[in-house]
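Welcome! Take a moment to look over the model shown here, and then let us walk through a few of its parts together.

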Amino acid sequence: MFTIKKKIIFSNLGVVIAASALIAVPVIKMQTSSIEESVTSNANAQVSQATAKINSFLLKPMTIVNDMAVFVASHEIEKEETQDAFDAAIKGDSSFYSLYFADTVPMNRGGIMYSNDKWEPGDDYDKSTREWYQKGIKSSSPAVTEPYIDADTQQPVTTVARAVQKNGSVYGVVALDILLGDLTELISGTKLSKSGESFILDANGNYLTNSDSSKILASNFYKDYSGMSEFKNQISTGSAFVNLYAAGGKYFLAQKISDATGWTFVSVGPSNELTEQLRGSITLILILLAIVLAVSVFAAIGVSLPIIRPIRTVDSAVNEIASGNADLTRRIKISTKDEIGSMVGGFNKFVEKLQNIVSQIKSSRDELGYAESDLQDSVQEVSTSIDQIITNINSVGDQMSSQANAVSQTSAAVAEIAENINSLEKMIENQSRGVSQASSAVEEMIGNISSVNGSVARMATTFDQLSQNAETGVEQQKKVEEQILSVSEQSKALQDANKAIEDVASQTNLLAMNAAIEAAHAGEAGKGFAVVADEIRKLSETSAVQSKKISAELTKISATISAVVESSKLSSHSFKEVNEQIMNTDQLVRQIRAAMEEQQVGSQQIVDSLKVMNDGTSEVRVAGHEMAEGNRLILDEIHNLQDSTGVIKTSVTEMSSGAEEIRKTGSRLAEIASQMENSVLAIGKEIDLFKS
């Protein structure tokens, strides 16, 4: 059986657990979503940064190949001049291995092949079998070959090549070999987590970069990480593919660098390193929940004890009274002024009333005992006298019999009336107590209604303040939306300005290239100008790269501003809904207040009616007492009549038949006295169990 204490504790625990779940679950979901969004955003930024670095790495060789193609197409090339121009184009950059040009004529038929390192192939060298030649001869823009391991440097190498158009036909191919060893260092810091790794893969998924150099172009990423192969077809150019919970408990981040190379940037690492913050938050929430549960248990125990102690005391006292062996002088101490205190006070009043009743019964028992003793003596005396006067009673037996019967009937009727009057008095007492208790309960209810009215009034005032605050929040939200839209317009202006910078950089690059060509035309006199043109070209390339980075960042800022605008609209809508709900609740509170006021008026009417009833009951009680007094007078007169009859009986000494009746009456009185004695003993035995 669940005790009140257990019910209070378990109900308190249930409320705390439910409230904690309602708070913890949305918080964990929101934090999980926030962390995933943050990681995804960071992943996109990392990929954009990595692809920008790699494209920047490839942009310079492509520009050199384009410039040298223009140079070859615009000159009647000579061997030494071409070799010097090639050497000047890649000088100072350790990533460029060899820059060369080959025409379309086979080497064994007088074909040419000039390079910056002055390497001259033999007549058996077949250019047409080389991948750089096959890709370059078909493309008017730089094409990138499949990477391979160079036999001399043992480093991965790829070649950028393009066709040279001269006089409307393909004249040859300009190609530049690039060492890819610097790519590993280029992306070494680009990763999402402490233990993560990032790689550049070729079109087949082989490693172009790896901290283990033995795996470069010798091992395949999708074989080492077999669980990632299912995502291979989802990787595209221009947008990052992110899966925070890929196979093997790892995250997977990838984006194709460009369609021209087919290269892919990938990053992998343990997923749990991305969710460390979430796990810490969940642990903290569980610890706080355990603390709150412990506090709620102690609080429930502290609240239940002051309630249970008086209830247990009252329960013990009630059971003691119910057992029939109780101390009616005992009272329970009232220590609170709440409902428990009211209950204890009512119980004390009940015990006090019961004590008075028991005391009265005991007093009546004692009086009956005295009367029974007197009756016994009287019966004995009457029996003795009867024997002496039996001969005198016979003469007047008939008259005394009639008079005795009339007196007996009158006595029985008066006794019945007395019994009815006593019952009426008890009923009046019960009615009076009921009316008093009802009056007290209704007055207490009126007090509670007044308290509720005060609380409802305070709630109405609070809802008015909430409504005003909600309206203020809506106005402030509108101002925030206007400011966000202004920032959005300014970001668009920044994008336009950045576009203009990008166009200027492109034009500067073209001017630098033309200046280099003109410097080449000028020969020795133009070398100084060629250096200036080269520096201008480098400056324009740097400006172009930075412009692209700025454009990418502005694009992100614009996207973020758009998201903030949407969130601001949702927030404004939520403010409006909150304001509407507050207004609806305010109407309900006002309706409750009106209903409680009507209830208070009705309760006051009930109190007035109970007062009238109580007054009527008092009048009836007075009338009952008067009737009881009159009945006692009648009984006295009947006793006087019986005494007179006794006198007559003593004077009629010669009435034998009357004496016989008197003898029978004496026998009956003896039996009644015996029965009265037994009844008095039984009542006394029960009453003595109560200490009054």
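Strands here are DSSP runs of E with at least two residues, helices are runs of H or I with at least four, and both are numbered from the N terminus. This is a predicted model, in which local features need pLDDT of at least 70, side-chain atom pairs count only at pLDDT 80 or more, and totals for chains, interfaces and linings use all residues. Residues are numbered from 1 along each chain as its sequence is written, and side-chain values use heavy atoms, leaving out hydrogens and water.

Which strands does β9 pair with? Two strands pair if DSSP finds at least two bridges between them. Strand β8 (residues 241-243) joins β9 in the antiparallel sense over 3 bridges, and asparagine 243 stands opposite phenylalanine 252 of β9. The hairpin of β8 and β9 has 6 residues between the strands, and glycine 248 there takes a positive phi near 70°. Strand β10 (residues 264-270) also runs antiparallel to β9, with 7 bridges joining them; in this pairing, leucine 253 has serine 267 of β10 as its bridge partner.

Now turn to the helices. Isoleucine 291 sits in helix α6 (residues 276-322), and with a relative accessible area of 46% this isoleucine is partly exposed, that is, between the 20% limit for buried and the 50% limit for exposed. Glutamate 80 belongs to helix α2 (residues 79-90) and is exposed, at 61% relative accessible area.

How values were computed
Buried means under 20% relative accessible area, exposed over 50%, partly exposed in between (1.4 Å probe, protein chains only).
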